Amino acid sequence: MSKKSKIYAYYIIETGEYGITDVWDECQNIVKGKKARYKSFKVESEALQWLENGAEYETSEKKVERLDSLILELDRKAVYFDAGTGRGNGVEVRITDFDGEPLLYKVLDKSKINDYGNYYLSKGRTNNFGELTGLYAALKYALKYDINKICGDSSLIIDYWSKGRYNKDGLEEDTVNLIKKVTLLRSEFEKKKGKIEKISGDVNPADLGFHK
């Protein structure tokens, strides 16, 4: 499933049937006319977690408590990355500090940075390529400024591509080339005791607004 495509989890109360799909019409057809709970998510792991926890809707109070807890777990000294298409101008790449302050200008030519402190990829690029670009920039920054932790919310990029784990079938050559560059940088970063950590997109300081 695509990193930025919405993922829909559903639970049928009468039968106990549950599942995940990235097609809203499919989810709608499954729950239509039934007592069911369903919810959209950014990544599959969060959808699975919701189902495993009983597919309960979260009250506003509980959500605030959960987010506060997640925020407290964030590292103030880490660099954060994300990518997305929220402004409708193509895929946008962002790296920040804990306070959400843009950092790209420290590793990228300022002429390539937009008014928000971010970088727009060329037309046709995927969100996954944007996340990969974000990690590449974060690694460059971390190595340059001796930062020992990088955080993002893409399981695909953190757990697979940046570790050199990918299927080149269906991937463009420049995507594969960037995967190789990121893999090498990650190896260099980790040799210096650096860590890359997966966090919830709900509390990612670099988030482009898709959880608001």
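This is a predicted model: local features need pLDDT of at least 70, side-chain atom pairs count only at pLDDT 80 or more; totals for chains, interfaces and linings use all residues.

Residues are numbered from 1 along each chain as its sequence is written, and side-chain values use heavy atoms, with hydrogens and water left out.

The largest nonpolar core has 30 residues, and Val79, Ile95, Leu135, Leu139 and Ile150 touch the most other members. Such a core is a set of buried Ala, Val, Leu, Ile, Met, Phe, Trp, Tyr and Cys residues joined through side-chain atoms within 4.5 Å; buried means under 20% relative accessible area with a 1.4 Å probe, protein chains only. At least two residues each come from strand 4 (79-84), strand 5 (92-96), helix 4 (127-144), helix 5 (155-160) and helix 6 (173-191). These are DSSP runs numbered from the N terminus, helices being H or I with at least four residues and strands E with at least two. Helix 4 gives the largest share, nine residues. A second, separate core of eight residues includes Leu74, Ala78, Cys151 and Val203.

Which residues lie nearest the centre of the second largest pocket? They are Leu108, Tyr119, Thr133, Tyr136 and Leu178, from a lining of 17. A pocket here is an open set of points on a 1 Å grid over the protein atoms alone, where a 1.4 Å probe fits, with protein on both sides within 12 Å along at least five of seven lines; lining residues have an atom within 4 Å of a point. Helix 4 again provides the largest share, five residues of this lining.

How values were computed
Buried means under 20% relative accessible area, exposed over 50%, partly exposed in between (1.4 Å probe, protein chains only).
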